Amino acid sequence: MSIGIDEMPRIEIGFFPTPLVEVRRLAAVLGGPRLFMKRDDLTGLALGGNKTRKLEFLLGDALSRGCDTVITGGAAQSNHCRQTAAAAAAVGLECHLALGGEEPPLVNGNLLLDRLFGAVVHWCGEQRKGERIPEIAAGLRALGRRVYIIPYGGSDAVGAMGFVAAVRELKQQLASRNEKIDTVIIPSSSGGTHAGLTVGIDAFDFPAQVIGIGIDKGVSGGGSYESELAVLANRIAGTLGLQANYDADRFRMRYEYLGAGYGVVGDLEREAIRLLARCEGILADPVYTGRALGGMIDMIRGKEFAPGDTVLFWHTGGVPALFEYAGELHAG
Ligand SMILES: *Cc1c(COP(=O)(O)O)cnc(C)c1O
């Protein structure tokens, strides 16, 4: 089926389809529904992650517009920034990153990788969501650069297209194995993954519900996060020329796993990371997938799914941040 997505500028920087695996030992330990995992931690670009899907479209757009420089922003341990730095290197673009915090004494995890990929880091203190991108971009433009701005998390209609396409990929994988899933669980933070999957589910007629696990308390702009998701989904649908009218009610979010806030590891994340590692030999990350997995485990233990259900956990990556959290994760 073509919905125009294949006509959009796109570069190939990942290895797709990512593996779809059944995690039987974890499911047996939890005693709940059948569990699958979509391994976007294995997208192949610079230790992997969900941003690779977005960047295929974002950098495709940047190159088609003749840009020579990209800028984006995030936390000091941003997976999105690390994958952007790698993707920019792979296609010969200069990469600038607006990162929250200050230069740490020891550069580790994603930040170490940003540096290896040659990104220019602009430290932004309290502003960890790319608030200073416009100002830095203006400075670069004044120097004659053709700058492409990638918003926080790569979550605009262009980037989210990667997750519309991901639904087609998953649908084909399931069909070829004669499997069906009922629910997709994702960490949901800047929204591109959640909104893109939702539009993809409608566009490719793939009947599954998406449940987003909240990662970050902060919602910008005063509206609810769900209404931001609806705005983004309507933009994606508009770009594809689809008839759609999303509103906040369409999006299911769970906020009870936020713990002490963004990037703060608690017992929920620690236990989930250990359980997955010990049952399956698979790593989850401290900020996103550890929290979302912890949420899913809690929902399974709370009998929120019927035994006959099949649940898919979308592993969105983030594993390089583990090393920065050694102190909080050390098993003793
Ligand atoms: C960015 C990120 C997410 C969240 O995806 P959004 O599209 O920003 O909601 C989830 N997991 C990991 C590992 C990420 O880096």
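This is a predicted model: local features need pLDDT of at least 70, side-chain atom pairs count only at pLDDT 80 or more; totals for chains, interfaces and linings use all residues.
Residues are numbered from 1 along each chain as its sequence is written, and side-chain values use heavy atoms, with hydrogens and water left out.

Of the 16 residues around the ligand, Lys51, Lys54, Ser190, Thr193 and Thr316 come nearest, a residue being near if one of its heavy atoms lies within 4 Å. Two or more residues each are given to this shell by helix H2 (51-64), strand E7 (183-188) and helix H7 (192-203), these elements being DSSP runs numbered from the N terminus, with at least four residues (H or I) for helices and at least two (E) for strands.

Among the polar contacts (pairs of N or O atoms within 3.5 Å), a side-chain N or O atom of Thr316 is 2.6 Å from a nitrogen atom of the ligand, while an oxygen atom of the ligand is 2.7 Å from a side-chain N or O atom of Thr193. A polar side-chain atom of Asn50 lies 3.1 Å from an oxygen atom of the ligand. Taken alone the ligand exposes 380 Å², of which the protein buries 98%, as computed by the Shrake-Rupley method with a 1.4 Å probe.

Technical notes. A polar contact is a pair of N or O atoms within 3.5 Å; within protein, one must be able to donate a hydrogen and the other to accept it, and residues adjacent in sequence count only if both atoms are side-chain atoms.
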